[in-house]
Amino acid sequence: MSVKKYNEKIGTTVKRIFSIHEDSASHDEIRDRLISGGRITGTNMVVMVCAILIASVGLNTGSAAVIIGAMLISPLMGSILAIAYGNVSADYKLARNHLIGFLVQIGISVLAATVYFLISPVKEPTSELLARTSPSFFDVVVAIAGGTAGIVGQTRKDKSNNIIPGVAIATALMPPLCTCGYSIANGEWEMLGGAAYLFLVNSYFIFLSSAVVLAVLDIPKVRDLTEKEWKRLHIRMIRNTIIVLLPCIPIGIFINR
C-alpha cells in the first residue's frame, strides 16, 4: 500500500471514529428539544430561583457539595443552546427571543442572590466566592469543551444520557451570578467585574462551541444567506470572540505571577 493511500485510510478511520452524524437525532427532533429546553416557563423560573438560593448558601458557607447541587438543577444551559440553534438556523427572531429570556433569567438570578446576601449574616467572602472572581484562559478551555459535550449530548438519538449534568457542573454558570449578587450586596465592585466576566466567558464559549457543532450537523436554515451575509456573520463571530477572549490573557498572567 502506497503512503498516500495509507494516509487516506488513516484519515477516513479517524473521521469515522469522531463522526457525530451517525447517531444524531433528526433535525426536527433536535429543534424541538433545544427550543423546548430554552423556553422560559413558570417551572423553569421557580427551579432557577431555587438553584440560585442553593448556590448562594453554598458559596456563603464554602460548601462545594451544595454548590454542585445547585449547578445540577440550573436551567440556564438550555437558553444558551437555544440561542445557538437560532443563530445557526438563521432564525434570528428565535435567537433574539431566547436571548431576551436569557437576560431575564440573569436579572432575576442576580436579584435573588443580592437579596440573599443582604439578609445573610455572613459577610466575609469565602474561598468559593473568591474563586469565581478571577477568570482565565483555562475557563475558556472548560467552556468550549463543556459546550461541545453538552450540544453533542443534546443532539443524540438517545436522550437518556448523563452528559448535561456533568457539563452543568464543569461550566459553572450559576456560581458567578451568585458572586455578582454578593458583590452588589456588599459593595465589592472589583469582585463584581471579575464574576460578571467569568459568567460572560462561560456563556459565550458554550454558545460558540454549540453553534459550531450545530453547523457541522448541517442544521437546516429558515432562509438562505447571501455570500455577503455569510461573510458579515463570520467577521462578527471572530470579532466577538477576540473581544471576549482578550481580557483572559492579562488576567492569566497576573494570576500566574
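**View 1. Helix 2 and helix 5 are oblique to each other.** In this predicted model, local features need pLDDT of at least 70, side-chain atom pairs count only at pLDDT 80 or more, and totals for chains, interfaces and linings use all residues. Residues are numbered from 1 along each chain as its sequence is written, and side-chain values use heavy atoms, with hydrogens and water left out. The two axes come within 7 Å and cross at roughly 135 degrees. Axes are lines fitted to C-alpha atoms, for helices over the stretch in contact, and angles run from 0 to 180 degrees between N-to-C directions. Angles under 35 degrees count as roughly parallel, over 145 as roughly antiparallel, 65 to 115 as roughly perpendicular and the rest as oblique. Helices (H or I, at least four residues) and strands (E, at least two) are DSSP runs, numbered from the N terminus. Helix 2 passes helix 5 in a left-handed crossing. A crossing is left-handed if the near helix is turned anticlockwise from the far one by less than a right angle, and right-handed if clockwise. His27, Ile30, Arg31, Leu34, Gly37 and Gly38 of helix 2 meet Gly78, Ser79, Leu81, Ala82 and Tyr85 of helix 5. By class, the contact of helix 2 with helix 5 has 5 nonpolar, 5 polar and 1 charged residues. Here Ala, Val, Leu, Ile, Met, Phe, Trp, Tyr, Cys and Pro count as nonpolar, Asp, Glu, Lys and Arg as charged, and the others, Gly among them, as polar.

**View 2. Ile30 and the largest nonpolar core.** Such a core is a set of buried Ala, Val, Leu, Ile, Met, Phe, Trp, Tyr and Cys residues joined through side-chain atoms within 4.5 Å. Helix 11 gives the largest share, 13 residues. Leaving aside neighbours within four places in sequence, Ile30 is in contact (heavy atoms within 4.5 Å) with Ala25, Tyr85, Thr155, Leu214, Leu217 and Ile219.

**View 3. Helix 8 packs against helix 11.** Helix 8 spans residues 137-154 and helix 11 spans residues 189-216. Their axes lie 7 Å apart, at an angle of about 40 degrees. That makes helix 8 oblique to helix 11. The crossing of helix 8 and helix 11 is right-handed. Contact residues include Ala143, Ile144 and Gly147 of helix 8, and Phe205, Ile206 and Leu214 of helix 11. The contact of helix 8 with helix 11 has 11 nonpolar, 5 polar and 1 charged residues.

**View 4. Helix 11 and helix 12 are roughly antiparallel to each other.** Helix 12 covers residues 227-245. The angle is about 150 degrees, with the axes 10 Å apart. Helix 11 passes helix 12 in a left-handed crossing. Among the residues in contact are Tyr204 and Phe205 of helix 11, and Met237 and Val244 of helix 12. The contact of helix 11 with helix 12 divides into 10 nonpolar, 2 polar and no charged residues.

**View 5. Ala90 and Asp218 sit in loops.** Ala90 lies between helix 5 and helix 6. Its phi is near 60 degrees, a positive value in a residue other than glycine. At 4% relative accessibility, Ala90 counts as buried. Buried means under 20% relative accessible area, exposed over 50%, partly exposed in between (1.4 Å probe, protein chains only). Asp218 lies between helix 11 and helix 12. Asp218 has a positive phi of about 60 degrees although it is not a glycine. At 53% relative accessibility, Asp218 counts as exposed.
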